[in-house]
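Open the structure in your viewer and keep the selection tool ready. Each stop below says what to pick next and what is there.

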Amino acid sequence: MTATEDLFTPIHKALRSMIYSLGGRLQTVDFADKTASAAVLADLQHEFANAVSATCVLCLLHGHAGNEEADIFPSMQPIDAGLIRMLIDDHQEIRRRLIALTKMADELESIDPPERRTEFGARINRVANEFFAFYLAHMNKEEVTIVPAMKEHFTDDQLRAMQGAMMGAMPPERLASYLRWMLPSLSLGELTGTLAGMKHGAPPQFLQFVNGIGTANVDPARWALVRERVGF
Ligand SMILES: [Fe+2]
């Protein structure tokens, strides 16, 4: 029987929300104003030396590719090596683009004349749009290739075990950063299913941890409904 667990689509919804939000801020920010543009630039400045704990949007986009490579791709490698090669090639391209964007954001910090900042900011926006388009297309690709292949080859229990291992390997601060984006990005049905799964399989402290993040980040009426349906 085909499995129903999907290790990609819910977290991809979080990553899409990050991209849509950052894209919106990037195209409206006044790059000439150093103070006003500092926060949006910080989301582009990936700290490669501190990649696991950093919570900037680019850091989370990069970290996700690393999680897939460490905790998901190895189990698919013997089944479809060609698919995994293609997805890893995409990840390498993502890394190249990430490095270029971080360098540009660093460079803008040292530019003072407002006209030059505006011009350089417009270039950053274009390069970021190219990066976002590539990243979005990559996620679309994973959702129509590796997602159905994994459902075909693994049971729901095996898929849940992989997901548990991936979340367990993450520092809590990093996991919280993904959940802050993911919980408000899911449909009501997905949110209910995810929380019901956690109530069933995870320790009570973990459900508490997730409840704290949900209370702070999900629309209150929706979160109350999920709590009532799942019973926590
Ligand atoms: Fe990926």
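This is a predicted model: local features need pLDDT of at least 70, side-chain atom pairs count only at pLDDT 80 or more; totals for chains, interfaces and linings use all residues.

**Stop 1: the iron ion**

Select the iron ion. Which residues hold the protein donors? They are Glu 68 (OE), His 91 (NE2), His 138 (NE2) and Glu 142 (OE). These donors lie 2.0 to 2.2 Å from the iron ion.

Now check the angles. Among the 4 donor atoms they run from 84 to 168°, and the site is irregular. For reference, the ideal angle for four tetrahedral donors is 109.5 degrees.

Next, find the donors along the chain. Their spacing in sequence reads E-x22-H-x46-H-x3-E. Glu 68 sits in helix α3 (residues 57-76) and Glu 142 in helix α5 (residues 114-144), so this pair ties together parts that are 74 residues apart in sequence. Are these two glutamates, Glu 68 and Glu 142, buried or exposed? Both Glu 68 and Glu 142 are buried.

**Stop 2: Tyr 135**

Stay on helix α5 and select Tyr 135, which has its place there. Tyr 135 is buried, with a relative accessible area of 1%.

**Stop 3: the disulfide**

Select Cys 56 and Cys 59. A disulfide joins them, with 2.1 Å from S to S. A disulfide is a covalent bond between the sulfur atoms of two cysteines. How many disulfides does a search of the whole structure find? It finds 1.

Look along the S-S bond of Cys 56 and Cys 59. The angle about it is 90°, and the link is right-handed. Cys 56 is buried, and Cys 59 is buried too.

**Stop 4**

Select Met 18 in helix α1. Its relative accessible area is 0%, so Met 18 counts as buried. Met 18 and Leu 58 are 40 residues apart in sequence, and 9.1 Å separates them in space, C-alpha to C-alpha.

Go on to His 46, in the loop between α2 (34-42) and α3. His 46 is buried as well, with a relative accessible area of 4%. Pair His 46 with Leu 101. They are 55 residues apart in sequence and 8.7 Å apart in space, C-alpha to C-alpha.

**Stop 4: the largest pocket**

The largest pocket holds about 840 Å³ of space. Its lining has 31 residues. To find its centre, select Glu 5, Gln 163, Met 167, Thr 194 and Met 198, which lie nearest to it.

Colour by helix next. α1 (9-28), α3, α7 (156-169), α8 (172-182) and α9 (188-201) each supply at least two residues of the pocket lining. Which helix gives the most? α9 does, with 7 residues. By class, the pocket lining has 15 nonpolar, 12 polar and 4 charged residues.

**Stop 5: the cavity**

A search of the whole structure finds 1 cavity of 30 Å³ or more. About 40 Å³ of space lies in the largest cavity.

Select its lining: Glu 5, Asp 6, Leu 7, Phe 8, Val 147, Met 150, Lys 151 and Leu 159. Helix α6 (residues 146-153) provides the largest share of this lining, 3 residues. The cavity lining divides into 5 nonpolar, no polar and 3 charged residues. Glu 5 is one of the residues lining the cavity, and Glu 5 is also among those nearest the centre of the largest pocket.

**Stop 6: Glu 228**

Finish at Glu 228 in helix α11 (residues 220-230). Is Glu 228 buried or exposed? Glu 228 is exposed, with a relative accessible area of 65%. Glu 228 and Thr 192 are 36 residues apart in sequence, and 9.6 Å apart in space, C-alpha to C-alpha.

Methods. Residues are numbered from 1 along each chain as its sequence is written. Side-chain values use heavy atoms; hydrogens and water are left out. Donors are N, O and S atoms within 2.8 Å of the metal (3.2 Å for Na, K and Ca); water is not among the atoms, so sites may look incomplete. Four donors count as tetrahedral if all angles lie between 85 and 135 degrees; four count as square planar and six as octahedral if opposite donors are over 155 degrees apart and all others between 65 and 115; anything else is irregular. Helices (H or I, at least four residues) and strands (E, at least two) are DSSP runs, numbered from the N terminus. Buried means under 20% relative accessible area, exposed over 50%, partly exposed in between (1.4 Å probe, protein chains only). A disulfide is a pair of cysteine sulfur atoms within 2.5 Å. On a 1 Å grid over the protein atoms alone, a cavity is a set of points where a 1.4 Å probe fits but cannot get out, and a pocket is an open set with protein on both sides within 12 Å along at least five of seven lines; lining residues have an atom within 4 Å of a point. Grid points are joined across faces, edges and corners, and a volume is the space filled by probe spheres set on the points. Ala, Val, Leu, Ile, Met, Phe, Trp, Tyr, Cys and Pro count as nonpolar, Asp, Glu, Lys and Arg as charged, and the others, Gly among them, as polar.
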